[in-house]
Amino acid sequence: MVIAMDKRSLYDGLSSLETDLKGTLGQLSEIKEALHELVEKNTTLEIENQRLREHLQELTKLAAEPNDSVKQELSKSRMNLEKLYEEGFHVCNILYGSRRENDEECAFCLDVIYGERSK
């Protein structure tokens, strides 16, 4: 009878260990999936940051160049800001470079693009 009890407790111990390992494996899978999502999001943000840096460099170069071919309504630099704004990014000094949620209008951005400037 002692041997039967030892076998039963050994089997129960292994069953308990198996259950614990399955739970740990489930947690590990959840952590792995969360890490995968974070890596994807990080990569997307890095690409977007690089794109914004390139746009900013382009705008800086255009602003530094003499503006020979000026459009009647908007200057070249304001047209570039307008293009960025239409692509869904803020161009105002408060939220510059961040995405406009649901393409909502921003009074500050519109003032930067279309507002009057003293000469």
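The model is a prediction in which local features need a pLDDT of at least 70 and side-chain atom pairs count only at pLDDT 80 or more, whereas totals for chains, interfaces and linings use all residues. Residues are numbered from 1 along each chain as its sequence is written, and side-chain values use heavy atoms, with hydrogens and water left out.

The chain contains 3 helices and 0 strands, where helices (H or I, at least four residues) and strands (E, at least two) are DSSP runs numbered from the N terminus. Along the sequence, these elements follow the pattern α-α-α. Helix H1 covers residues 2-64, helix H2 covers residues 76-86, and helix H3 covers residues 107-114. Of the 119 residues, 20% count as buried, a term that stands for under 20% relative accessible area, with exposed meaning over 50% and partly exposed the range in between (1.4 Å probe, protein chains only). Among the contacts (heavy atoms within 4.5 Å) with a separation of 6 or more, 37% are made by residues 24 or more positions apart.

The confidence of the predictor in each residue is expressed as pLDDT, from 0 to 100. The mean pLDDT of the chain is 84, and 85% of its residues reach 70 or more. Among the helices, confidence is highest in H1, at a mean of 89, and lowest in H3, at 87. Over residues 67-71 the pLDDT is below 50, and this stretch has 3 contacts in the model beyond near neighbours in sequence.

In soluble globular proteins, nonpolar side chains tend to be buried together. In this model, the largest nonpolar core has 11 residues, namely Leu59, Leu74, Leu81, Leu84, Tyr85, Val91, Cys92, Cys106, Cys109, Val112 and Ile113; such a core is a set of buried Ala, Val, Leu, Ile, Met, Phe, Trp, Tyr and Cys residues joined through side-chain atoms within 4.5 Å. Helices H2 and H3 each supply at least two residues of this core. When residues up to four places away in sequence are not counted, Leu81 touches Leu59, Val91, Val112 and Ile113. The C-alpha atoms of Leu81 and Val112 are separated by 8.3 Å, although the two residues are 31 positions apart along the chain. For Leu84, with neighbours within four places in sequence left aside, the contacts are with His55, Leu59, Phe89, Val91 and Tyr96.

With a disulfide taken as a pair of cysteine sulfur atoms within 2.5 Å, the count comes to 0. The cysteine sulfur closest to that of Cys106 belongs to Cys109 and is 3.6 Å away, which is too far for a bond. Both residues are covered, in that Cys106 counts as buried at 7% relative accessibility and Cys109 counts as buried at 0%.

A search of the whole structure finds 3 salt bridges, each being a side-chain nitrogen of Lys or Arg within 4 Å of a carboxyl oxygen of Asp or Glu. Within helix H1, Lys22 and Glu18 are 4 residues apart, about one turn of the helix, and their closest N and O atoms are 3.7 Å apart. Of this pair, Lys22 is exposed, with a relative accessible area of 55%, whereas Glu18 is partly exposed, at 43%. A further salt bridge joins Arg99 to Glu48, with the closest N and O atoms 3.7 Å apart. Arg99 lies in the loop between H2 and H3 and Glu48 in helix H1, so the pair ties together parts that are 51 residues apart in sequence. Here Arg99 counts as partly exposed at 45% relative accessibility, while Glu48 is buried, at 19%. Arg51 forms a salt bridge with Glu87, the closest N and O atoms being 3.0 Å apart. This pair links distant parts of the chain, as Arg51 is in helix H1 and Glu87 is in the loop between H2 and H3, 36 residues apart. Arg51 is partly exposed, at 37% relative accessibility, and Glu87 is likewise partly exposed, at 27%.
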